[in-house]
Amino acid sequence: TYDLYAENSVWPEFDKVIDKIYLTDTDRAMKVYITGVDTGHFTQKAYAYIDASNFKMVALTGAKENEAIKFGADVPNFSQGKERGDLYMVQVNQIKDILAENMKLKLKDKRQPVGFMNFPEPSAGMYTFSGYFEHFQSEHKVITSVDGERKAWIWKKKSNVHQNHFWDV
């Protein structure tokens, strides 16, 4: 549940992930400095968690996800929301473009290039293609044209049966 103080709340488990020490590809020990929490669903429950947390956090929600972005438009990836001082509106289509490019990056001499994507190793039936990675292939970039000229683009689900939760987060 997303109820903050419920016995089976997801938030204490999330705290464990945030509080963990992670090793980089050069064996440098690092902790999570700041966490963005998707507040697009269960908004008030997510806000309650953020407000009660001892970790540095910001609230994130998609901005105009269903609007195509015109080619050449100068639109920031994030903008500050008006509802809260720690709320940021995310230009989801632009971020998905960046992530799609970053997913193509490969290790270079066992070093991670800037933007390299780290994913969990499949284990205990989790993080398999069918249960995790197919979410990242659930959408495709759709380009709209007017009079044969490319005008705008948007990321859309390939079908209603495809799950895209991990791609959206």
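Let me start with a group of rings: Tyr2, Trp11, Phe14, Phe42 and Tyr49 together form one aromatic cluster. For pairing, rings of Phe, Tyr and Trp (its six-membered ring) must have centres within 6.5 Å, and planes under 30 degrees apart count as stacked, over 60 as edge-to-face and the rest as tilted.

Before I go on, please keep in mind that this is a predicted model, in which local features need pLDDT of at least 70 and side-chain atom pairs count only at pLDDT 80 or more, whereas totals for chains, interfaces and linings use all residues. Residues are numbered from 1 along each chain as its sequence is written, and side-chain values use heavy atoms, with hydrogens and water left out.

Now the overall layout. The protein has 4 helices and 9 strands, where helices (H or I, at least four residues) and strands (E, at least two) are DSSP runs, numbered from the N terminus. Read from the N terminus on, the order of the elements is α-β-β-β-α-β-β-β-β-α-β-β-α. The C-alpha trace spans about 55 × 45 × 30 Å along its principal axes. Of the 169 residues, 26% are buried, and here buried means under 20% relative accessible area, exposed over 50%, and partly exposed in between, with a 1.4 Å probe and protein chains only.

Let me return to the rings. Searching the whole structure gives 8 aromatic pairs. One of them joins Trp11 and Tyr49, which are stacked, with 4.1 Å from centre to centre and 10° between the planes. Trp11 belongs to helix α1 and Tyr49 to helix α2, so that this pair links distant parts of the chain, 38 residues apart. Both Trp11 and Tyr49 are buried. Another pair, Phe136 with Trp167, is edge-to-face, at 6.1 Å centre to centre and with 75° between the planes. Because Phe136 lies in the loop between α3 and β8 (139-146) while Trp167 lies in helix α4 (residues 165-168), this pair ties together parts that are 31 residues apart in sequence. Phe136 and Trp167 are both buried as well.

Next come the charges. How many salt bridges does a search of the whole structure find? The search finds 9, a salt bridge being a side-chain nitrogen of Lys or Arg within 4 Å of a carboxyl oxygen of Asp or Glu. One of them brings together the side chains of Lys45 and Asp3, at 2.8 Å from N to O. This pair links distant parts of the chain, with Lys45 in helix α2 (residues 43-52) and Asp3 in the segment before α1 (11-19), 42 residues apart. Lys45 is partly exposed, with a relative accessible area of 33%, and Asp3, at 33%, counts as partly exposed too.

A further salt bridge joins the side chains of Asp19 and Lys31, at 2.7 Å from N to O. Asp19 sits in helix α1 and Lys31 in the loop between β2 (29-30) and β3 (35-38), 12 residues apart. Asp19 is partly exposed, with a relative accessible area of 39%, and Lys31 is partly exposed at 46%.

Is Arg84 buried or exposed? Arg84 is buried, with a relative accessible area of 16%. Arg84 forms a salt bridge with Asp86, their closest N and O atoms being 2.8 Å apart, and a network of salt bridges links Asp51, Arg84 and Asp86. The charged end of Arg84 also sits over the ring of Tyr47, 4.2 Å from its centre; for this, NZ of Lys or CZ of Arg must be within 6 Å of the ring centre and within 35 degrees of the ring normal. Likewise, Lys141 lies over the face of Trp153, at 4.7 Å from the ring centre.

Finally, a pocket. The second largest pocket has a volume of about 150 Å³, and its lining includes Glu65, Asn66, Lys96, Trp155 and Asp168. The largest share of that lining, 4 residues, comes from β9. By type, the lining residues divide into 3 nonpolar, 3 polar and 6 charged. As for the terms, a pocket is, on a 1 Å grid over the protein atoms alone, an open set of points where a 1.4 Å probe fits, with protein on both sides within 12 Å along at least five of seven lines, and lining residues have an atom within 4 Å of a point. Grid points are joined across faces, edges and corners, and the volume is the space filled by probe spheres set on the points. Ala, Val, Leu, Ile, Met, Phe, Trp, Tyr, Cys and Pro count as nonpolar, Asp, Glu, Lys and Arg as charged, and the others, Gly among them, as polar.
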